[in-house]
Every structure is written in C-alpha cells, then in structure tokens.
Amino acid sequence: MSMPPDKGADAAMGGGRSRPDKIRCDACPVMCYIAEGRIGACDRYANHGGDLVRLDPLTIIDGIDRADGGDARLVPFLKDSAGPDDWDGDIVQGTRPFVTAVGAGTTYPDYKPAPFIVSQQVDDVDMVTVVTEGIFSYCGVKVKIDTDRHIGHERDVVRVADEPIGHVMTSEYGSKMLSLGGVEHLTGGSKAEGRVTCDALLRLCNRAAVEMVIGEPGHETTIIVQAGRAPVINGVEEKLMRVGCGSAAIGMFARQWVGHVDEVVVVDDHITGVLSEHQAGKLLDVPPTGIRINGRRSTPGRYFNVAEPGTGWGGTDIHDPLTILGDFNPKHARAGLSLLMVSTTGEQYGYFQLDEDLIPQPAAIPDQLRRSADLIAENCEPSVCSVLFMGGAGGSLRAGVTENPVRLTKSVKGALTYVSCGGAEAYVWPGGGITVMVDVMDMPTESFGYVPTPALVAPIEFTMRVSDYDALGGHMSEIRPVTEVLSDRDRRVEGLAGQPDPMASSNYRWSKGDKG
C-alpha cells in the first residue's frame, strides 16, 4: 500500500462546511468530508449508505506458536470447513485467538476508548487486550542492510524522489544502518518532503521496495531496500554478508592456509588482516614474508585505511588488490613466495607469486586455496534488509486505554502490561514514555496505513490482567468478550514460529511471584 494522489474526499483541515451528501470522518485530524460511495484521504474509511465504515478487516491471529515457521498467511474461515463436525468446540479451531489492532481503527480525537477492549480467560486468569491503530507523527524506521559495500558516509542524507527522508547512521558489524523518517521529516520540512517521507515509510513497513539515493551529486549510491530481501546497490543485488572483518577471517581460517601458501591478506575496508603478522599466524609458526601494506597499522597483522570505502573488494574502492601492497622487504621476501588475497566474503580472491624482482605476478590458484575461499563464502550469511518500525505512543493511544495515561506507562515499565504490534513482540525502550520498536517481518502483511497530516498508522496492543486494567483506571465498561468481537468478516492469519504469545503468563511480573 502506498499513498495515492487522489482520494475523492475533501480534507477539512481546521474546519469547513459539511455538504448534505457527505459525512464527516473524525478518525484523524484531517476530518475528511466523504461523499456517498467514496473513500477518505487515507484509504481506510468510506461512506457506505451514510455510515462511516472501516475498509480493512480486523486481523485475528489464530495460534501464536507455529511448528513449521514461515510467514504469516491467510487461513480459511471456520465457515469454509467441510461441515459442523469439523468444529472441536473452540472459538477458533484448535487455537486461541489474539485480536490485533490491524484494521481496528483509531481512538482519535483522544477522549474515546480504544475501538476494541477484548477479554478472554487464559489458564484460569482473566486477561484483557486493548486494541487500537495509533496515529504516529513521532515515528520512523531503522534499516539494517547486510553488506560490506559502501553506501554512504555517516550522516549522509538519504533521498527519495529528490526529497530528504533520513540519513546514514553508524555502521554495525557487517551491516550498514539507516535512520529514516521522524517528525522532522514528516512535519518539519516542506509539504513535499513530508508526503514523500510518509509514503516511503509506509511502503517500507508494508514490505514493499523503495529506491533511495544516498550522498551528494558525484558521490551518490542508489540502493533498493525491501524488508526481508537482499539490497540492490547501484543495480547489483548483494549476495553475502561478510563472515567477519579481515582480522577475524585470518583467525577463523588460518589453519586452512598454513602449509599451502606463504602469505594471506584478507582485504577489508575496516580491518585488513595479514596472516604472517597476525597473532594466529605467529602461534602457527608462519614465518615473516616481508610484506608491506599501504595502510595504518593498528596492531600486528591488522591494518586500517588501506583504501577508500567503495563497492569493490571488502567494501573498499579497489578492484585490483595489489594496489594496497607496498614493496616487499628483501630481508624476508624471496622469489617464488606465494600470496593469497581474498575478500571478507570470499567472493573475490587472487593468487600470486613473487618474481625475481619481488613483484607479485598472477598465477593459477591451487585447489586447496580455492576451497578456502569457498569456505569463507559458505560461512557468510545471505545479505538481507531488515526494517524496524519505531514510534512513540502518545496521548491518543494511552487515553484510549485509561483516563489516567501515566498509569499505563508505569504498568508497561513495571511488566504488568505487555506491548505488541500486530501481535508481534515489540521492544519497549527504557526511560520515559512508551517508545516501541518492532520488526515488520514479524507482523501481518499490510499492517500499516497513513493519514495525510502526514503520519503513519500502526497497530498496537496492550495486554494485561483484568484486575490490573481496573487498577490503572481502564475503561472497564467497554470490555467485550472475545466471542462478541470475532466475525466472518475478520482476516485470519497464523502466528509466526518463535513469536511469544502476548497473553502468556511468562510475560508478566506477577507470574514470577512478584506482587509489587
């Protein structure tokens, strides 16, 4: 889902007169007037016979634990089974349902209780889940891109359709990191910047591909990011995430080389490793070879800054590995000395022998050394993009749960309330407020929407004991048994293997005997 250019609804920002043939939607601050048979500016609400209706179905997770793993998929409704004999007495066959906030609707304008406050008994404990789609202005995504390739320097601007939507963050081990979105881009810049940012975030969170340009003219990298897929960098799809830095690779594979080659250099933009100087080589009695590396020596066998960052060998800008070598020291070097140079993914490698002038010359690589490069590649994980939604639960969300919002925050921090997003486990950041982060691949497909303020709409659920809900001042009169919420119109998906059950007692402090 992405933001379409035209909706057929009049946005009434700040007021306006209602027309007789239109109804006013109060699900977000835009307050659209929607004509009969038309949809609102967000694609989420429509005028159906004079009634405001939510277009997307409520999503129910049937069974949190799956033995076979894989992506959440649609499963048949109970009414589609062979007959009444298929029913085993459960509300949902063979599983206990969890009502997610996907398709639930919002609490805007804040004073209203959450759209669904659902109770059911779990292991003789009365539990309640408060379900709402939150309107997130303070939100964005953190993108982890498994690659050695240089995509941009830290703080470089990330652009989509020529609009800035974020920046490059500090790299992590084997991965590049992007911070995209945020309130400054959504609402702090131009109208075009906000719209493009919102659309890019929406597509990323709904697992669609987004093409981005990083860096300034003349030093740009084009990258296509899609959750769960390999990145495409300057038109080339990445294959492997490095097994480790050059120094780590020397340590891991030193035994593969000893006795088969005199010297090994693992080329890496971060730390280039040299076997004969490395501690691993010393302990394996590898003699000095007289090799010299054009870089800054950190510790024995470990070199920084051997080249500039790029899309070549080991994330450097080189395509001829010999360019990082200086002259060999004749005190230790000799004609015929053998040299293997290999990248951190094993995808690039070269074999050389020194001639009479101690200059490396290409030679046919022995099978054992070719196999060692293949072993490096075998130990590399597939390159993939990870997209994590991050947002802060503000007034609308918390007021939809309780009339005393700070009690909800304290309940979450006190492990009395479990937070999930579309049924997926959410990490709650420490400190004040309720700032959550969740992997979009753990959520049902098409979990996210938007409002043209602009802001993202994301599902969030708060689950706790009914007694704890009462204690924090919850909307007790709005609680409905799960049997009253489920219908044939719901979308049913299966839970992902490894995802915790939001209603499991192990999530809560009280299950551990802590009554405080």
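**The nonpolar cores and the sheet**

Mentor: In this predicted model, the largest nonpolar core has 57 residues, and those with the most contacts inside it are Leu178, Leu180, Met212, Phe389, Leu456 and Phe462. Helix H2, which spans residues 191-205, gives the most to this core, contributing seven residues. Leaving aside residues up to four places away in sequence, Leu180 touches Gly140, Val141, Val143, Val158, Ile165, Gly166, His167, Leu201, Leu204 and Met212. Apart from this core lies another, of 21 residues, including Ala249, Ala254, Tyr351 and Leu369. As a general background, nonpolar side chains in soluble globular proteins tend to be buried together.

Turning to the sheet, seven strands form an open arrangement with mixed pairing, in the order E20-E21-E19-E18-E22-E23-E24. Its edges are strand E20 (296-299) and strand E24 (360-362), each of which pairs on one side only, and the twist averages 30 degrees from one strand to the next. Within the sheet, strand E22 (residues 338-343) and strand E23 (residues 349-354) pair in the antiparallel sense over five bridges, and Leu340 stands opposite Tyr351 in E23; Tyr351 is also among the residues of the 21-residue core.

Helix H3 (residues 246-257) touches strand E18 (263-267), strand E19 (272-274), strand E21 (302-304) and E22, and its direction makes about 145 degrees with that of E18. Helix H5 (residues 367-378) touches E22 and E23, with a direction that makes about 20 degrees with that of E22.

How values were computed:
Residues are numbered from 1 along each chain as its sequence is written. This is a predicted model: local features need pLDDT of at least 70, side-chain atom pairs count only at pLDDT 80 or more; totals for chains, interfaces and linings use all residues. Side-chain values use heavy atoms; hydrogens and water are left out. Two strands pair if DSSP finds at least two bridges between them. Helices (H or I, at least four residues) and strands (E, at least two) are DSSP runs, numbered from the N terminus. Axes are lines fitted to C-alpha atoms, for helices over the stretch in contact, and angles run from 0 to 180 degrees between N-to-C directions. Contact means heavy atoms within 4.5 Å. A nonpolar core is a set of buried Ala, Val, Leu, Ile, Met, Phe, Trp, Tyr and Cys residues joined through side-chain atoms within 4.5 Å. Buried means under 20% relative accessible area, exposed over 50%, partly exposed in between (1.4 Å probe, protein chains only).
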